[in-house]
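Q: I have a structure open here and want to talk it through. Can we go step by step?

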Amino acid sequence: MERLDSRIRVVWLGSALVTALVVGAVVTVADRRLFEIGIWVGPAVFGVLAVLGVVYTLKRYRIWGFDIEADAVTLERGVVIRVNSVVPFVRVQHVDSQRGPIERLAGLSSVVVYTAGSRGADVTIPGLRPERAEAIQAELRRLATESEPGDPEDAV
């Protein structure tokens with residue numbers, strides 16, 4: 001299994017800390033206006049969520065992996081619920097690479113694999129260096145094209 005670039009931990013951790021900060025601020029405002037429990041409630045909620053976010057990020061990074069096999073892409077991920085996905089190349093419609101603003105700041109990219117019969121992206125591989133994402137995109141495109149069934153007349 002190939003692992004993600006370690007810089008994805010910074011992106012995930014930043015997201016977890018922003019979420020903890022927002023929830024802590026909402027709890028602080030709610031406490032001051034509605035409950036009046038004490039000034040420590042909001043910071044305590046932030047602290048607990050921040051610690052949980054750090055632990056979750058480290059475990060998530062350790063578990064996340066993917067493999068490009070001869071006939072499919074396999075992904076392993078999930079901290080609470082483990083998910084093992086296998087996407088056969090014959091189902092691949094197209095493959096994109098994308099870089100959001102946070103990923104660009106971290107120098108990372110993602111590969112998004114769309115499959116037949118789905119409404120959205122079925123598989124996203126985050127936390128890749130841009131050159132690796134482009135290589136994976138090209139490899140998946142090549143393998144998906146090779147796995148396409150031949151012309152019905154060829155089968156006769």
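Q: Is R129 buried, partly exposed or exposed?
A: This is a predicted model, so keep that in mind throughout. R129 has 42% relative accessibility, so R129 counts as partly exposed.

Q: What does the side chain of R129 meet in a salt bridge?
A: The side chain of D5. The N to O distance is 2.7 Å.

Q: Is D5 buried or exposed?
A: D5 is buried, because its relative accessible area is 11% and buried means under 20%.

Q: And R7, buried or partly exposed?
A: R7 counts as partly exposed, at 30% relative accessibility.

Q: What does D5 touch?
A: Leave out residues up to four places away in sequence. Then D5 touches Y61, L108, G127 and R129.

Q: How many salt bridges does the count come to?
A: The count comes to 3. One of them is between R132 and E2, with the closest N and O atoms 2.6 Å apart.

Q: What does the R132 and E2 pair tie together?
A: R132 lies in helix α4, while E2 lies in the segment before α1. So the pair ties together parts that are 130 residues apart in sequence.

Q: Are those two buried or partly exposed?
A: R132 counts as partly exposed, at 28% relative accessibility. E2 counts as partly exposed too, at 27%.

Q: New topic: the sheet. What order do the strands come in?
A: The order is β1-β2-β3. These 3 strands form an open sheet, and the pairing is antiparallel.

Q: Which strands stand at the edges, and why do we call them that?
A: β1 (65–68) and β3 (83–88). Each has a single partner strand, so one side of each is left without a neighbour in the sheet.

Q: How many degrees does the twist average?
A: The twist averages 10 degrees from one strand to the next.

Q: What holds strands of a sheet together in general?
A: Strands pair through backbone hydrogen bonds, in a parallel or an antiparallel way.

Q: How many bridges join β2 to β3 here?
A: There are 6 bridges, and β2 covers residues 72–77. As one example, V73 has V87 in β3 as its bridge partner.

Q: Which helix packs on the sheet?
A: Helix α4, residues 130–146. Helix α4 touches β1 and β2. The direction of α4 makes about 45 degrees with that of β1.

Q: Where is W40, and is it buried or exposed?
A: W40 is in the loop between α1 (8–35) and α2 (41–63). W40 counts as exposed, because its relative accessibility is 54% and the cut-off is over 50%.

Q: What about D31, where is that and is it buried or exposed?
A: D31 lies in helix α1. D31 is buried, with a relative accessible area of 5%.

Q: What is D31 in contact with?
A: Set aside neighbours within four places in sequence. D31 is then in contact with E36, I37, G38, I39 and V41. I37 and I39 also belong to the nonpolar patch.

Q: Last one: P126. Where is it found?
A: P126 is found in strand β6. P126 is buried, with a relative accessible area of 13%.

Q: What does P126 touch?
A: Not counting residues up to four places away in sequence, P126 touches L4, I8, W12, W64, S109 and S110.

Q: How many residues apart are P126 and W64 along the chain?
A: They are 62 residues apart along the chain, and their C-alpha atoms are separated by 9.6 Å.

Note on methods. Residues are numbered from 1 along each chain as its sequence is written. This is a predicted model: local features need pLDDT of at least 70, side-chain atom pairs count only at pLDDT 80 or more; totals for chains, interfaces and linings use all residues. Side-chain values use heavy atoms; hydrogens and water are left out. Two strands pair if DSSP finds at least two bridges between them. Helices (H or I, at least four residues) and strands (E, at least two) are DSSP runs, numbered from the N terminus. Axes are lines fitted to C-alpha atoms, for helices over the stretch in contact, and angles run from 0 to 180 degrees between N-to-C directions. Contact means heavy atoms within 4.5 Å. Patches are made of residues with over 30% relative accessible area and no salt bridge: like charges are joined within 9 Å, nonpolar side chains (Val, Leu, Ile, Met, Phe, Trp, Tyr) within 5 Å. Accessible areas come from the Shrake-Rupley method with a 1.4 Å probe; for residues, only the protein chains shown count as cover. A salt bridge is a side-chain nitrogen of Lys or Arg within 4 Å of a carboxyl oxygen of Asp or Glu. Buried means under 20% relative accessible area, exposed over 50%, partly exposed in between (1.4 Å probe, protein chains only).
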